Amino acid sequence: MGDLVIGARSGAGEPEGPGRRAARSAEPAASSAAVEDTAAQTADEHGAGADDAPEPSHFESESTDGSESETPAKPRKPRSFWKELPILVGIALILALVIKTFFVQAFSIPSESMQNTLQVGDRVLVDKLTPWFGAEPERGEVVVFHDPGGWLNDEPSQQSSNSFVRGVQDVLSFVGLMPSADEKDLIKRVIAVGGDTVECEGVGPVKVNGVALDEPYVYQGNTPCGDHPFGPVKVPDGRIWVMGDHRADSLDSRFHMDQPGGGTVPVGNVIGRAFVVAWPVDHWSTLSVPGTFDQKGLAAAAPLAPPVAGAVGAVALLPLVRRARGRVERRKES
């Protein structure tokens, strides 16, 4: 077919025999080409650009034929919900584990040591993120911490006797959806931090660095010292002094002064700060730092000591600096 078209354009004669009919069919194509050339020449004479020339009709037929040859894509069948459910559950468990490990964890209140701030059975959410950035506990915060040793020896286990229930509890506590029953964790309020001196004489009040604390969170009917006055105690660096709000029913730092650390808790044992009571709904509340811990003089002794010592040292060295400068000037003159 291509040879015949080329032959017709080159001006060769018509072939004899069966190819004659095919040669005649090429004549209309040649005449149409001549017509197109004439139309193009006319368009040039009238100032028409090459871009305005009509496209040959055989291109249109080719594009039409190509579109008809394409087969439409079949719509994908949606996956069954029951096939997706295990994937969704797995993703949820992974997210819960990541949140529990790095961000927030739920803890249950097992005793009355923090009444009336916290009740038995309350669920609190603990911020575990800020300690990753080097934040340390501050005075007035309610914190959860690991047993520093010997504080919970007499506490019974909270695990169920049913093996199935115990297994479910272990799984849910592993991903952080419920508190663990066998972890040795406590929750108390930070009263003093490393470098502070804390004491409580008679019935109180509790004093930190000589400043008396006004403690409206103490359980009604209790005295600030409870039945166990103490101090003064110098809190070592890197440790905290903690007390329960129910002073008459809290085995806190006051009762462990005969143990290593003198009743203080290592900062490394602190899991995080409890910032909200999440359950039950009618107990919902935030656990903010009481205003008594914002007193200006509470930590005045520690921050002011270095500047004062530096100023005294500078004054003492001033005469020596003047003498050395005078000697240097006399040597230059000589």
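Reader: Leaving aside its neighbours within four places in sequence, which residues is Val-198 in contact with?

Author: The model is a predicted one. In it, leaving aside neighbours within four places in sequence, Val-198 is in contact with Ile-191, Ala-192, Val-206, Lys-207, Val-208, Phe-230, Gly-231, Pro-232, Val-233, Val-235 and Trp-241.

Reader: Which residues have the most contacts inside the largest nonpolar core?

Author: That core has 18 residues. Strand 4 (185-193), strand 5 (197-200), strand 6 (206-208), strand 8 (230-234) and strand 9 (239-243) each give two or more residues to this core. Those with the most contacts inside the core are Ile-191, Val-198, Val-206, Val-208, Leu-213, Phe-230 and Trp-241.

Reader: How many residues does the second, separate core have?

Author: This second core includes Leu-118, Val-142, Val-144 and Ile-271. Its number of residues is 13.

Reader: Glu-199 is buried yet has no salt bridge; how far away is the nearest side chain of opposite charge?

Author: Glu-199 is found in strand 5. Not counting residues up to four places away in sequence, Glu-199 touches Pro-205, Val-206, Lys-207, Phe-230, Gly-231 and Pro-232. A salt bridge requires a side-chain nitrogen of Lys or Arg within 4 Å of a carboxyl oxygen of Asp or Glu. For Glu-199 the nearest side chain of opposite charge is that of Lys-207, at a distance of 5.8 Å.

Reader: How many residues apart in sequence are the parts that Asp-196 and Arg-139 tie together?

Author: Side chains of opposite charge can pair when their charged atoms come close. The side chains of Asp-196 and Arg-139 meet in a salt bridge, at 2.7 Å from N to O. Asp-196 lies in the loop between strand 4 and strand 5, and Arg-139 in the loop between strand 2 and strand 3, so the pair ties together parts whose separation in sequence is 57 residues.

Reader: Is Asp-196 buried or exposed?

Author: Buried means under 20% relative accessible area. Because the relative accessible area of Asp-196 is 3%, this residue is buried.

Reader: With which residue does Asp-245 form a salt bridge?

Author: The closest N and O atoms of the pair are 2.9 Å apart. Asp-245 lies in the loop between strand 9 and strand 10 (265-266) and its partner in strand 4, so the pair ties together parts that are 56 residues apart in sequence. Asp-245 counts as buried at 0% relative accessibility. The partner is Arg-189.

Reader: How many salt bridges does the structure hold?

Author: One of them joins the side chains of Asp-252 and Arg-254, at 2.8 Å from N to O. Asp-252 is buried, and so is Arg-254. The number of salt bridges in the structure is 4.

Reader: What distance separates the C-alpha atoms of Lys-128 and Arg-273?

Author: Lys-128 lies in the loop between strand 2 and strand 3. At 14% relative accessibility, Lys-128 counts as buried. Lys-128 and Arg-273 are 145 residues apart along the chain, and their C-alpha atoms are separated by 7.2 Å.

Reader: Which residues form a nonpolar patch on the surface?

Author: Together, the patch residues have about 840 Å² of accessible area. Phe-133, one of them, lies in the loop between strand 2 (123-127) and strand 3 (142-146). Phe-133 is exposed, with a relative accessible area of 71%. The patch is formed by Ile-87, Ile-91, Leu-95, Ile-99, Phe-103, Leu-129, Trp-132 and Phe-133.

Reader: What is omega for the peptide bond that joins Gly-204 and Pro-205?

Author: Most residues other than glycine have a negative phi, and most peptide bonds are trans. Pro-205 has its place in the loop between strand 5 and strand 6. The bond between Gly-204 and Pro-205 is cis, with omega about 10°.

Reader: Where does Asn-209 lie?

Author: Asn-209 is a residue other than glycine with a positive phi, near 55°. Asn-209 is partly exposed, with a relative accessible area of 24%. Its place is the loop between strand 6 and strand 7 (211-212).

Technical notes. Residues numbered from 1 in each chain as written. Predicted model: local features only at pLDDT ≥ 70, side-chain atom pairs only at ≥ 80, totals over all residues. Heavy atoms only, no water. Core = buried A, V, L, I, M, F, W, Y, C linked by side-chain atoms within 4.5 Å. Buried < 20%, exposed > 50% of the residue type's maximum accessible area, 1.4 Å probe, protein only. Helix = DSSP H or I, 4+ residues; strand = E, 2+ residues; numbered from the N terminus. Contact = heavy atoms within 4.5 Å. Patch = residues over 30% accessible without salt bridge, like charges linked within 9 Å, V, L, I, M, F, W, Y side chains within 5 Å. Areas by Shrake-Rupley, 256 points an atom, 1.4 Å probe, with all protein chains shown as cover. Lys, Arg positive; Asp, Glu negative; His and termini not counted.
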